[in-house]
Amino acid sequence: MSWAKFISTGWDLRWATTGIATVMWLAVACTSQDDVTLLEQRAHELNEVIMCPVCPGESINESQHTLAVQMRAIVNTKLAEGAAESDIKAFFVERYGQSVLLEPSRRGFTLLVWVIPPFGAVVAAIGLYYVLRTMRRPRSPVASPTAALQLTEDERARYFEQIEAAIGETNSEEQRSRADG
Amino acid sequence: MGQISLVIALLVAGYATLASFLGAGLRMPELALSGRYGLYALPLLLIIPSMSLVDAFVSNDFSVRYVAENSNLAMPVAYTWVAMYAGNAGSLLFLALVLSGVSVIAIAGLSRKLPHTGAYAAGILMLTLTFFLAIIVGLANPLERLPITPADGQGINPLLVHFGMFIHPPVQMTGLVLVTVPFSIAMGAMMAGRGGHDEWVSQGRLWGMITWVVLTIGLLLGAWWAYTILGWGGYWAWDPVENSALMPWLAMTAFVHSIMVQKRRGMFRMWNMVLIITAFAMAQMGMFINRGGPVPSVHSFAESSMGWLFLAFMGFTLLGSLIAFWWRSGTLKSRETLDSMLCRESIFLLQNVLFLTVALVTLWGTIFPIFSDVAQDETVTVGAPFFNRVNGPIILALVALMGIGPLLPWRRATRTNVVRALKYPVAAGIVTAVVLALLGIGQPVALAAFSICALVVTGIIHEWVRGTMSRHRSGESYPIAFGRLLARNRPRYGGYVVHLAIIMLAVGAIGSSFYGVQRDMVLRPGDTGTLGDYSFKYLRVEETLFADRVEEVAELEVYSGDSYLGLMRPFRAFYPDFRIAATRGAIRSTPIEDFYIVPSEFNEDGRAVFRILINPLVWWMWAAGPLLFAGVVLGLWPQRQPAPATLTVRALSQAARA
């Protein structure tokens with residue numbers, strides 16, 4: 001479709017305008033971020049990967065437990081003092097153990113948790129490819145719908161004649177049996 | 001009375017299981033029929049103990065152990081009506097009651113249409129029910145009496161005292177139990193040796209969809225509850241119990257799509273069996289994790305030591321299903337083949353595989369801490385960051401497939417029709433990304449996600465517009481044309497409506513997880529603060545003493561720019577008996593963003609710590625629920641069967657001659 005034609009069709013234009021308006025509206029919704037300082041952003045990201053030790057599964061960002069509130073304060077102070085993310089994580093791991101981190105480390109046995117999913121996905125993809133290839137191979141030429149479409153006009157006419165004859169027979173049989181009953 | 005009725009119910013369910021299986025296997029229809037009548041009697045037998053349990057709660061009868069453990073005098077009366085499912089034993093009774101009810105509905109429909117399948121399906125349903133009832137009678141009897149009657153009960157976990165308690169738990173539990181119905185229909189058809197006839201498919205699809213929508217609504221309600229009560233502005237935490245409800249949902253989502261391929265094309269017969277077995281196993285796995293499974297969770301309300309029994313039952317049913325599958329796999333061969341690797345069928349299959357991948361990744365991450373404990377004697381936590389990182393991209397790919405799949409033709413897609421179908425959607429996707437980037441919206445991943453959403457929506461709307469326009473040209477007005485378009489092919493257009501709802505969910509999830517902002521603030525009464533365009537003034541806090549809790553309600557004046565939005569009253573309630581503080585945020589929700597205030601702490605010296613959040617687009621997630629429900633109803637609404645085949649063939653042959 002050429003551009004001139006695209007613009008001349010009023011409907012397309014109206015749809016395009018609606019679409020762009022929707023997108024702009026999305027943009028309006030997503031701009032509050034400008035207000036957040038880098039330090040706040042870093043603290044937030046860190047809070048999300050540190051678990052509150054007394055509320056299993058919840059990060060200190062989520063939990064409103066007193067301990068979580070205190071730990072958030074520690075994170076803020078340390079970041080303001082210029083500590084690196086890894087230092088702060090190490091600080092909490094020393095006190096509460098490895099399980100205080102919500103994101104398992106990528107070393108040793110724990111590496112498995114990260115490696116298995118992509119490995120499984122690759123295996124699944126290969127499996128899927130082979131399955132689709134097998135399914136594509138027609139088992140008999142007659143069953144293939146493409147073969148059916150390649151009938152000549154004569155063949156097709158004969159085919160439909162036979163069908164109609166069969167229908168006619170069934171119908172008259174039915175009528176006969178109804179008349180009997 | 002309730003006790004006796006429970007024991008009778010167990011015996012009847014056991015009999016119904018045996019009678020149904022034997023009657024079906026030995027071809028003794030009378031025996032199977034007697035099993036079916038047993039099945040019909042069970043809801044009546046189970047309503048009696050349920051009523052007596054509810055009555056014990058309402059009348060504060062603390063001589064019943066379960067009531068003493070899960071209620072007290074301070075509990076609001078309305079909650080005593082639903083406290084039945086607050087703990088382990090009572091929720092099992094609730095599950096059993098629901099299962100017996102849906103069994104009657106399913107089997108009544110099934111035994112008329114598919115007698116062979118029906119008997120086996122009844123057997124499977126009754127086997128599951130027998131398992132539940134055996135646990136209730138033997139190990140977790142909610143009607144058990146205490147030797148001495150305490151003056152007051154221990155009360156309910158205060159986090160459960162919320163309006164969500166009336167709707168989320170029953171819907172979620174019903175969803176999990178409902179998975180048994182499509183499972184039993186599919187397995188029943190297979191065991192009857194009729195899996196290769198696709199007659200079970202319409203019933204399987206119907207119950208599959210019902211299960212799916214109940215599970216979906218259950219998950220949405222849970223997310224909404226978490227959002228309003230847990231007080232961190234989030235709705236999904238990849239908590240083990242959330243995961244255990246998500247896994248069967250994922251498998252069911254794969255199933256309700258894949259079953260359409262069998263309905264339309266007679267393919268994927270074995271695959272559908274695999275999917276429904278997986279869904280059922282995952283629902284059992286969910287029960288295992290939920291009931292005192294080995295992983296810590298914020299949901300440990302119904303914890304007990306019987307999780308392992310559920311694991312054993314899961315192993316048993318899984319093994320049984322696999323044996324049945326192996327025994328009957330010969331009947332499940334499909335004669336149809338694909339003409340091309342690129343067609344709607346192959347997208348369906350890819351989608352199924354991806355859904356299963358997400359489910360398995362979720363399972364893997366949820367149970368990995370157990371392996372780690374055993375293997376290296378170190379406790380690790382696998383939390384939200386892991387799941388977001390691994391599942392996020394797969395889910396995004398699934399959303400993209402949701403846009404592409406329905407636009408491709410069955411059997412074979414050629415280059416021309418792929419280009420024609422995807423021209424507008426892809427263009428819309430690209431334009432969206434470019435416009436958002438030009439407007440200064442950052443975060444490439446979120447831009448890609450928004451762009452994929454635009455692709456899906458454009459694809460759906462394009463289909464609707466094209467269909468409506470072509471009807472309009474034949475003389476119908478636009479609204480009528482649109483209505484008739486939807487009514488003509490209900491499964492298809494119902495599916496589109498559901499897809500739109502899913503996009504609304506996706507938009508909410510993307511907006512809030514990538515563009516949400518939050519700030520913790522320390523304010524004294526009279527202080528003001530700002531976040532984004534909002535400014536607010538902390539006026540005062542009021543402390544009220546209740547029998548069971550202390551409530552501290554803060555009052556804030558909130559402005560957006562210059563316009564006054566009103567007072568917001570977030571509060572924090574402390575329950576001394578439980579040493580639990582429940583925070584309840586105050587939310588001002590609009591389709592653009594939620595402004596959310598949570599009180600974290602009120603200090604003696606008058607300082608208060610607030611968390612202020614702006615969560616963009618979350619409103620759309622809750623709005624998606626009703627739309628999704630409407631879509632499923634449209635998709636399932638009975639449609640008059642197409643005219644008998646003889647007429648079609650005759651018309652065809654006349655057309656061919658003409």
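Where is the place of Arg492(B) in chain B? Arg492(B) sits in helix α18, residues 490-515 of chain B. This is a predicted model, in which local features need pLDDT of at least 70, side-chain atom pairs count only at pLDDT 80 or more, and totals for chains, interfaces and linings use all residues. Residues are numbered from 1 along each chain as its sequence is written, chains are lettered from A and ligands numbered from 1 in the order in which they are written, and side-chain values use heavy atoms, with hydrogens and water left out. Helices (H or I, at least four residues) and strands (E, at least two) are DSSP runs, numbered from the N terminus.

**Around Arg492(B)**

- Arg492(B) counts as partly exposed because its relative accessibility is 25%. Buried means under 20% relative accessible area, exposed over 50%, and partly exposed in between (1.4 Å probe, protein chains only).
- With neighbours within four places in sequence set aside, Arg492(B) is in contact with Arg344(B), Pro406(B) and Glu463(B). Contact means heavy atoms within 4.5 Å.
- Arg492(B) and Gly631(B) are 139 residues apart along the chain, and their C-alpha atoms are separated by 9.9 Å.

**Chain A in outline**

- Chain A has 8 helices and 0 strands.
- Its pattern along the sequence reads α-α-α-α-α-α-α-α.
- Chain A holds 181 residues, and buried residues make up 30% of them.
- Of the contacts in chain A with a separation of 6 or more, 37% come from residues 24 or more positions apart.

**Two packed helices in chain B**

- Two packed helices are described by the angle between their axes and the distance between the axes.
- Helix α5 (residues 88-113) and helix α7 (residues 164-178) of chain B pack at about 55°, and their axes are 9 Å apart. Axes are lines fitted to C-alpha atoms, for helices over the stretch in contact, and angles run from 0 to 180 degrees between N-to-C directions.
- α5(B) and α7(B) are therefore oblique to each other. Angles under 35 degrees count as roughly parallel, over 145 as roughly antiparallel, 65 to 115 as roughly perpendicular, and the rest as oblique.
- The crossing of α5(B) and α7(B) is right-handed. That word applies if the near helix is turned clockwise from the far one by less than a right angle, and left-handed if anticlockwise.
- On the α5(B) side, the residues that meet α7(B) include Phe94(B), Leu95(B) and Val98(B). On the α7(B) side, Pro170(B), Met173(B) and Val177(B) are among them.

**Salt bridges**

- Side chains of opposite charge can pair when their charged atoms come close.
- The whole structure has 21 salt bridges over all chains. A salt bridge is a side-chain nitrogen of Lys or Arg within 4 Å of a carboxyl oxygen of Asp or Glu.
- Glu103(A) pairs with Arg106(A) in a salt bridge, with the closest N and O atoms 3.6 Å apart. Glu103(A) counts as buried at 16% relative accessibility. Arg106(A) counts as partly exposed at 46%.
- Asp61(B) forms a salt bridge with Arg145(B), where the closest N and O atoms are 3.4 Å apart. This pair links distant parts of the chain, 84 residues apart: Asp61(B) is in the loop between α2 and α3, and Arg145(B) is in the loop between α6 and α7. Asp61(B) is partly exposed at 23%, whereas Arg145(B) is exposed at 52%.
- Arg269(B) forms a salt bridge with Asp198(B), the closest N and O atoms being 3.0 Å apart. Arg269(B) lies in helix α11 and Asp198(B) in the loop between α8 and α9, so the pair ties together parts 71 residues apart in sequence. Arg269(B) is buried at 7%, and Asp198(B) is partly exposed at 24%.
- Arg72(A), Asp520(B) and Arg611(B) are joined into one network by salt bridges that share partners.

**A buried charge without a salt bridge**

- Glu552(B) lies in strand β4, residues 550-560 of chain B.
- Glu552(B) is buried yet has no salt bridge. The nearest side chain of opposite charge is Arg572(B), 4.9 Å away. Lys and Arg count as positive, Asp and Glu as negative; His and the chain ends are not counted.
- Beyond four places in sequence, the contacts of Glu552(B) include Val541(B), Phe571(B), Arg572(B) and Phe602(B).

**Positive phi values**

- Arg27(B), a residue other than glycine, has a positive phi near 55°. Arg27(B) is in the loop between α1 and α2 of chain B, and is exposed at 67%.
- Phe268(B), also a residue other than glycine, has a positive phi near 65°. Phe268(B) lies in the loop between α10 and α11 of chain B, and is buried at 6%.
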